[in-house]
Amino acid sequence: MITDQKKVYRPKEWETTTCPFCGSSDYLVYEKYGSELQYTYVLCKDCKLVYQSPRPKYDQHFINAAYASYYQFTETLDLNSNPDVPESSVNMFRKEVEYLLQFDKRRTAVLDIGSGMGTFLAAAKPHYTEAVGLDVSAQMAAFVQRQLGVKVFLEQFENFQSDKKFSLIHMSHVIEHIPNPKAWLQHARKTLEPGGVLVINVPNKFSFSFRLQHLFYKLKLKKQFSDSWNDPSRTPDHLYEPTVPSMLRFLKENNFEVLDYFSYSRKDPVSDSSFFSRLANRLFAKTAEAHRFFSQQFEERRVEKIYLGLVNGIISQKNGVIELPVGEHPSKKGMMAVLKKGKPSVTEYTVKEEFGKFSLVEFNIRTGRTHQIRVHAQQIGHPIVCDELYGDKTPVYLSAIKRNFKLSKMDDEEKPILARLGLHAARLRFTDEDGQTYSPEADLPKDMRALLQQLRKWKT
Ligand SMILES: [Zn+2]
């Protein structure tokens, strides 16, 4: 049965931990998340792993909550009616397996940890003498056994004992869920044949999407693009979020040689994600280009930044594009100006509301030059209110807006409603690797909201 009701998850106990990869206790707070920002990710200063600390104690209560949605998913499937293993997922894994086979020439036995519906095993089985799965769901294990004729053990990997050694061990999006990754790597070494291949798929915290998410967090854009960010039932089940440098070091320190690694989109495992490591003495590495990709997004202008600004006066043309090159002011330090030799700068604007003395304007910047909107607004003769560099730096007072304004007897002097630059970064809009568009918004700050409210009230 599917229910929409979500149980609020509250950790029973917390524990602090050193870096689960390198053991260091030297860290920086990286970001907070959860419906009340109750979870903390820190960045290991030594190996660059992003990990939760403090984190919910890894006990049965946590494990039950963390696996709840998976168990719920297994219950919604009527496994007796033999649903098809999704062909598209199997195809994706076929590509991955094909790629992996070049590293695993023995192809004796394959072990998939977290085998789920058996999609990876379905793709790998034809190439191997023997295939084995590990999972936590008895329904899934029975299903895979029946459907593929593959034995699935109901065990955590660290407890899995096998006389048979494997030439390939595959773990896709599992290692970030367990508290003792070091023990897992050591156990993998024992369970592999000499020269066997270990494949680890993990999320990449320094990927384009995660870096953007982090950027929103830094910009204090409240509405995150992921719904799960604010989901109160969310279990912080990723005890850490690996990054490329931390994974490389972690594998090396546990006596694995890295054969290959790259980042991928989940839709295409080969051409573009994942970590391939191995017990041999060879090194062959491609570089992950997550950061470069991130820069390109901006250069290709696929990220739109939308601002709301309150400008002086009424703009005659209600929307338009301001294209004037902006550069450093030739004599005034810290100021920018429209200059022939400046950088090309493009600002689109749309008047949203008019209030006689002021207008509320939406600015969509196509380039991101310093003070671009402020300089462009000044150039069209309507500087942003309270702009001390490019406009009239006087604050906005209620007496200037409200008819018959009377100062309260309590005050000898009127306090301004808005005493700072009337410009606000309202929204970002971008498209990720998979073509999905996100548009996180930030609420207007209190003072701007109050000013707009008064302007609307006393509008003539
Ligand atoms: Zn570390």
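Hi everyone, let's start with strand β4, residues 50-52, which pairs with β11 in the antiparallel sense over 2 bridges. Pairing here requires at least two DSSP bridges between two strands, and helices (H or I, at least four residues) and strands (E, at least two) are DSSP runs, numbered from the N terminus. This is a predicted model: local features need pLDDT of at least 70, side-chain atom pairs count only at pLDDT 80 or more, and totals for chains, interfaces and linings use all residues. Residues are numbered from 1 along each chain as its sequence is written.

Back to our pair: V50 has E241 of β11 as its bridge partner. Both strands belong to an open sheet of 4 strands, ordered β2-β3-β4-β11, with antiparallel pairing. β2 (27-33) and β11 (240-241) are at the edges with a single partner strand each, so one side of each has no neighbour in the sheet.

Next comes helix α7, residues 244-253, whose buried residues are V244, S246, M247, L248, F250 and L251. Buried means 20 or more other C-beta atoms within 10 Å of the residue's own, with C-beta atoms placed from the backbone. Just after α7, N255 has a positive phi of about 65 degrees.

Now the interior. A nonpolar core is a set of buried Ala, Val, Leu, Ile, Met, Phe, Trp, Tyr and Cys residues joined through C-beta atoms within 7 Å. The largest has 61 residues, and Y51 and I169 have the most contacts inside it. A second, separate core of 23 residues includes F358, F363, I384 and L452.

Technical notes
Buried ≥ 20, exposed ≤ 12 C-beta atoms within 10 Å, placed from the backbone.
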